[in-house]
Amino acid sequence: LAATSKNNAYYFDYVASPVVPTTPGSSEAKAGQMTMKLPPQHFRTIFTLLPLKNAGASAGLTLLTITMQTTEEKYGDLKGLFDEIVDSYGKSPAS
């Protein structure tokens, strides 16, 4: 849905419909169905490289990711919380 770059990080907002294996012994597996589609999942993800110590603002070798996930059905109720988490990224806690 969206991909942006700011504050030395990449922000993604996307929906996926995962396909997973059926449970062995389930009625689906017994009927020959090997996979099943889960309800659409909504993801919000932040990727960044942490700076190296004593290297100023240059990117380091440590990849930091933060991902929030919920069903698309519940996303409307959780969007405000997800927005708060994303907006808080990179802010130092109050002293």
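Thr45 is buried, having a relative accessible area of 2%, where buried means under 20%, exposed over 50% and partly exposed in between, with a 1.4 Å probe and protein chains only. The model is a predicted one, in which local features need pLDDT of at least 70 and side-chain atom pairs count only at pLDDT 80 or more, while totals for chains, interfaces and linings use all residues. Residues are numbered from 1 along each chain as its sequence is written, and side-chain values use heavy atoms, with hydrogens and water left out.

Thr45 belongs to strand β5, residues 41–51 (strands are DSSP runs of E with at least two residues, helices runs of H or I with at least four, numbered from the N terminus). Not counting residues up to four places away in sequence, Thr45 touches Tyr10, Tyr11, Phe12, Tyr14, Ile66 and Thr67, contact being heavy atoms within 4.5 Å.

Ile46, with neighbours within four places in sequence left aside, is in contact with Ala9, Tyr10, Tyr11, Leu64, Thr65, Ile66, Val86 and Tyr89. The largest nonpolar core has 8 residues, namely Ala9, Tyr11, Ile46, Met68, Tyr75, Phe82, Val86 and Tyr89; such a core is a set of buried Ala, Val, Leu, Ile, Met, Phe, Trp, Tyr and Cys residues joined through side-chain atoms within 4.5 Å. Two or more residues of this core come from each of β2 (9–16) and α2 (72–88), and α2 gives the most, with 3 residues.

Tyr14, which lies in strand β2, is partly exposed, with a relative accessible area of 32%.
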